[in-house]
Amino acid sequence: MDKSWMHSDRRSKAYEFGVEAFLNFAVENLLTTTHIRCPCVKCVNLKLFGVGIIRDYVYFNGIDQSYKNWTFHGEPWEATTNASRNVEEDDGHGRYSFVSEEIDMDDNDFGDFGSDPYEFANVIGDGDQPVYPGCRKYTKLSA
């Protein structure tokens, strides 16, 4: 899919057509919900909205230009390799197994993080939401 529109002026026809093509692509690849992740600069795929709100946000805020592989919107994951880095093979205990070994934890102590990928995004999104309207000191996440 052509992504050159992401670098265009937001007032241009190229940007307009690109936004519509992106939204059509995202809607075609929806799995279970009517809300999709917002790729604007402010939301950076952490917040879920309907298509109309996302269209507005992408115009007002601009699209996150670092979002090159649209994995949250239906593109397949592309593994990248870095030849200058030597990466050791995972021994099956996870990347930070040394932490759990130091404090005598086993795999069951990590708990179930849930099978819903949007659950984590919603929790992160609560970091910006006030506990009640007008509250500036606390967020839903801090509470």
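Starting at the N terminus, the elements come in the order α-β-β-α-α-α, which gives this predicted model four helices and two strands. Of the 143 residues, 24% count as buried. The accessible surface comes to about 10900 Å², and carbon and sulfur atoms hold 52% of that. Among contacts with a separation of 6 or more, 45% involve residues 24 or more positions apart.

Now look at K3, in the segment before α1 (13–28). Is this lysine buried or exposed? K3 has a relative accessible area of 18%, and because the cut-off for buried is under 20%, K3 counts as buried. Leaving out residues up to four places away in sequence, K3 touches K68, N69, W70 and E75.

On to the charged pairs, where the count comes to four salt bridges. One of them joins the side chains of R11 and D9, at 2.7 Å from N to O. R11 is exposed at 75% relative accessibility, while D9 is partly exposed at 39%.

K13 is exposed at 53%, and E16 is partly exposed at 32%.

Then there's R55 with E20, whose side chains meet at 2.7 Å, N to O. This bridge links distant parts of the chain, with R55 in helix α2 (residues 51–61) and E20 in helix α1, 35 residues apart. R55 is partly exposed at 27% relative accessibility, and E20 is partly exposed at 26%.

Methods:
Residues are numbered from 1 along each chain as its sequence is written. This is a predicted model: local features need pLDDT of at least 70, side-chain atom pairs count only at pLDDT 80 or more; totals for chains, interfaces and linings use all residues. Side-chain values use heavy atoms; hydrogens and water are left out. Buried means under 20% relative accessible area, exposed over 50%, partly exposed in between (1.4 Å probe, protein chains only). Contact means heavy atoms within 4.5 Å. Accessible areas come from the Shrake-Rupley method with a 1.4 Å probe; for residues, only the protein chains shown count as cover.
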